[in-house]
Amino acid sequence: RLPEQPIFYPVLNEDYAVQIARDWNVKDSGAGYVTRFHVRKGFIEKYPIQTVGRSNHHELWIPADELGAFNQNIVGTIEIIAQFEK
C-alpha cells in the first residue's frame, strides 16, 4: 500500500497480480513482486469482492486503518511466487 492510498487492495488471482507487478510496479518503482498468502475466512469474508477494470480484476478493499487486523489474520507464510525487474 502506498502512503497516500486509503485502502490496501490484495488481488485475488495470479494473472491480475502478475499484470500489476510486471506492467505497473516495474515501470513506477523498478521492481514488482507477486506474493501468495492465506487469510482467515472469518476475517476476510466481511470484505466484498470488488471487480475493477477487466472481468478477472478481482480484489478486496481493506481500509488502511484495518491493515493491522488484516496482518494478524494471515495464516502461514507469505510466498514470493514471481519477481519482475527492469
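1. Start with Gln-19. This residue counts as buried, because its relative accessibility is 16%, and buried here means under 20% relative accessible area, exposed means over 50%, and partly exposed lies in between (1.4 Å probe, protein chains only). Gln-19 sits in helix H1. Helices (H or I, at least four residues) and strands (E, at least two) are DSSP runs, numbered from the N terminus. The side chain of Gln-19 makes a polar contact of 2.9 Å with the side chain of His-57. A polar contact is a pair of N or O atoms within 3.5 Å; within protein, one must be able to donate a hydrogen and the other to accept it, and residues adjacent in sequence count only if both atoms are side-chain atoms. Setting aside residues up to four places away in sequence, Gln-19 touches Trp-24, Arg-54 and His-57. Contact means heavy atoms within 4.5 Å.

2. A word on the model. It is predicted, so local features need pLDDT of at least 70 and side-chain atom pairs count only at pLDDT 80 or more, while totals for chains, interfaces and linings use all residues. Residues are numbered from 1 along each chain as its sequence is written, and side-chain values use heavy atoms, with hydrogens and water left out.

3. Now the whole chain. The protein chain has three helices and six strands. Along the sequence they follow the pattern β-α-β-α-β-β-β-α-β. The radius of gyration is 13 Å, close to the 12 Å that the globule rule gives for 86 residues, so the chain is as compact as a globular protein of that length. That radius is taken over C-alpha atoms, and the rule is 2.2 Å times the number of residues to the power 0.38. Along the principal axes, the C-alpha atoms fill a box of roughly 40 × 30 × 25 Å. Of the 86 residues, 26% are buried. Among contacts with a separation of 6 or more, 71% join residues 24 or more positions apart.

4. Back to helix H1. It covers residues 14-29 and has a kink of about 30°, centred on Ala-21. The bend at a residue is the angle between axes fitted to the seven residues ending there and the seven starting there. Which residues of H1 are buried? They are Tyr-16, Ala-17, Val-18, Gln-19, Ile-20, Ala-21 and Val-26. Their cover includes strand E2 (31-39), strand E4 (58-59) and strand E6 (74-85). Just after H1, Gly-30 takes a positive phi of about 90°.

5. Asp-23 is also in H1. With a relative accessible area of 35%, Asp-23 is partly exposed. Its side chain makes a polar contact of 2.7 Å with the side chain of Arg-22. Asp-23 and Phe-84 are 61 residues apart along the chain, and their C-alpha atoms are separated by 9.1 Å.

6. Next, the cores. A nonpolar core is a set of buried Ala, Val, Leu, Ile, Met, Phe, Trp, Tyr and Cys residues joined through side-chain atoms within 4.5 Å. The largest has eight residues: Phe-8, Phe-43, Ile-44, Tyr-47, Leu-60, Ile-62, Phe-70 and Ile-74. Apart from this core lies another, of five residues, including Ala-17, Val-18, Ala-21 and Val-34. Leu-60, leaving aside neighbours within four places in sequence, is in contact with Phe-8, Tyr-9, Pro-10, Leu-12, Ile-44, Tyr-47, Pro-48 and Ile-49.

7. How many aromatic pairs does a search of the whole structure find? It finds four. Rings of Phe, Tyr and Trp (its six-membered ring) pair if their centres lie within 6.5 Å; planes under 30 degrees apart count as stacked, over 60 as edge-to-face and the rest as tilted. Phe-8 and Phe-70 form an edge-to-face pair, 5.3 Å centre to centre with 65° between the planes. Phe-8 lies in strand E1 (residues 7-8) and Phe-70 in helix H3 (residues 67-72), so this pair ties together parts 62 residues apart in sequence. Both Phe-8 and Phe-70 are buried.

8. Phe-70 has another partner. The rings of Phe-37 and Phe-70 have centres 6.0 Å apart and planes at 85°, so this pair is edge-to-face. Phe-37 is in strand E2 and Phe-70 in helix H3, 33 residues apart. Phe-37 is partly exposed, at 24% relative accessible area, whereas Phe-70 is buried, at 1%. Ring pairs link Phe-8, Phe-37, Phe-43, Tyr-47 and Phe-70 into a cluster.

9. Last, Ile-78, which is in strand E6. Leaving aside neighbours within four places in sequence, Ile-78 is in contact with Thr-35, Arg-36 and Phe-37.
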